[in-house]
Amino acid sequence: MNFIKQTALSLGFDACGIAKAEALSDDAVFFRAWLDQGKHGEMHYLERNFEKRIDPRVLVSGCQSVIVVLMNYFPVSLQPKTAPKIAKYAYPTLDYHWVMKTKLVELEQKLIEYYGSDCVNGKLQHSFVDSAPVLERRWAERAGLGWIGKNMQLIHPEFGSFCFIGVLMLNIEADYDVPMKSRCGSCSLCLEACPTKALDGVGLDARRCISYLTIESKIEIPDVFHAQLSNYVYGCDICGDVCPWNRKKSKPSQHSEFSVQPTILSFDYESWFQLTEEQYRQFFQHSAIHRAGYQKFKSNLNALQNNEV
Ligand code: SF4
Ligand code: SF4
C-alpha cells in the first residue's frame, strides 16, 4: 500500500482511494441539464462555480491528484421506533464536517512532511468536506471507493453507503485507483421505496427529496408532501436503508468521534414536540442538526403533526 493510503488509514479513515485530477466532462453535461431543469430547488449556490465543480484543476491550481477518504458513521443504536426520525448521519454529537476536516488537516501535514510543502497549493483551500464546489461522490467512484447507486449515494462494497466523504487535492502525481463500475444491476428497491418519487434511476429531483425539504429548503414543507414524510423530521434514510448493500454490509461505526448525541436515543415522540430553543442549542450546537435552525426544525415537526390530524 502506498504512503498516502497507509497514512490515511493510520489516522482513522476507513478507506482511501486516489484519482487523477481531470475534467468531469460527462458530469458537466448532466449537471448543466439538471440545473437547467431546476431540480436543485432553492440551492442556488449550486449554480455558482460551475467550472470549478467539474474540474478540480480550476478549483485548485496545480492539482494533479484527488485523494478521497471515507469514514463509516452507521450508528451503534437507533432512535426509538415511534420518535420523529433523524437521518443517521446527524446522530453524532459532533458535526462530521469538523471531524473529517480535522483528520484531513492531519493527513495533509503528514504528506507535507513526506513530500514537501509543494505537494499542496498552500495559497488555496485544498481539503474539502461537503463545503465547496466538489463532486465528492464522483471522485470517490473514480478513486475506486465504490459506485454511485440509483439512490445517488456512494456505495462502498464493504461499508455500504453510510460513510462520510472527504477530499484532499494534491499537486503531485500518485498511483491511481481503477474507478468502480455500478453493481446495482437490475435492482430498483430504492426507486420503489422513495415516498416522494424523487429518484428516477438516473438522478434526484431535490425539490421532492425529504432531505432537501427538511434541511435545505428554507420555506415550510409544502402540504402536498406532509403525508409522505414517513415520520422524518431531519433528513431521510429510506433509499439507503432499503439498499441490499447496506442491509448486508453496514456495521456500527467504531469511531468515538461519531458517538451518538444521547438525546437522539432517549427522546420519545412527545419529548421532541416539547423541545425548547434553549434545549435545541444545548443538545445540537456542535451537531449537523444545528444546520436546520430551531424554527425550521419546529416547522418540520409541525408538518408531521399536521399529517396526523
Ligand atoms: S432521501 Fe428519501 S426522499 Fe430523498 S430520494 Fe432518498 S428516499 Fe427519496
Ligand atoms: S437499492 Fe438497489 S438500485 Fe438502489 S442503490 Fe441499492 S443496489 Fe442500487
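Biologist: How many other C-beta atoms lie within 10 Å of Asn 49?

Modeller: A word on the source: this is a predicted model, in which local features need pLDDT of at least 70 and side-chain atom pairs count only at pLDDT 80 or more, while totals for chains, interfaces and linings use all residues. Residues are numbered from 1 along each chain as its sequence is written, chains are lettered from A and ligands numbered from 1 in the order in which they are written. A residue is buried if 20 or more other C-beta atoms, placed from the backbone, lie within 10 Å of its own, exposed if 12 or fewer, and partly exposed in between. Asn 49 is partly exposed, because its count is 14.

Biologist: Which loop holds Asn 49?

Modeller: Phi of Asn 49 is near 55°, a positive value in a residue other than glycine. Helices (H or I, at least four residues) and strands (E, at least two) are DSSP runs, numbered from the N terminus. With those labels, Asn 49 lies in the loop between helix H2 (25–36) and helix H3 (50–54).

Biologist: Is Lys 197 buried or exposed?

Modeller: Phi of Lys 197 is also positive, near 55°, in a residue other than glycine. Lys 197 sits in the loop between helix H7 (189–193) and H8. With 11 C-beta neighbours inside 10 Å, Lys 197 counts as exposed.

Biologist: Thanks! Which elements give two or more residues to the shell around ligand 1?

Modeller: The shell takes in residues near the ligand (C-beta atom, placed from the backbone, within 6 Å of it). The residues around ligand 1 include Asn 151, Cys 194, Cys 209, Ile 210, Ser 211, Cys 236, Ile 238 and Cys 239. Two elements each give two or more residues to that shell: helix H8 (210–216) and helix H10 (238–241).

Biologist: How many charged residues does the shell around ligand 1 have?

Modeller: Ala, Val, Leu, Ile, Met, Phe, Trp, Tyr, Cys and Pro count as nonpolar, Asp, Glu, Lys and Arg as charged, and the others, Gly among them, as polar. By that sorting, the shell around ligand 1 has nine nonpolar and three polar residues, and the number of charged ones is: no charged residues.

Biologist: How many of the residues of E2 are buried?

Modeller: Ser 65, Ile 67, Val 69 and Met 71 point one way from E2, while Val 66, Val 68, Leu 70 and Asn 72 point the other way, and all are buried. E2 is therefore largely enclosed by the rest of the structure, with a buried count of eight of the eight.

Biologist: What is the strand order in the open sheet of four strands?

Modeller: Two strands pair if DSSP finds at least two bridges between them. The four-strand sheet is open, with antiparallel pairing, and its order is E1-E2-E7-E4.

Biologist: Which strands stand at the edges?

Modeller: Each edge strand has a single partner strand, so one side of each is left without a neighbour in the sheet. Those strands are E1 and strand E4 (127–128).

Biologist: How many C-beta neighbours does Val 167 have inside 10 Å?

Modeller: Val 167 lies in strand E7 (residues 163–170), and Val 68 stands opposite Val 167. Leaving aside neighbours within four places in sequence, Val 167 is in contact (C-beta atoms, placed from the backbone, within 7 Å) with residues including Val 66, Phe 128 and Trp 139. Val 167 counts as buried, because its number of C-beta neighbours inside 10 Å is 25.

Biologist: Finally, what is the radius of gyration of the protein chain?

Modeller: The protein chain has 15 helices and eight strands. The radius of gyration is taken over C-alpha atoms, and the globule rule is 2.2 Å times the number of residues to the power 0.38. That rule gives 19 Å for 309 residues, and the chain comes close to it, so it is as compact as a globular protein of that length, with a radius of gyration of 20 Å.

How values were computed: Contact = placed C-beta atoms within 7 Å.
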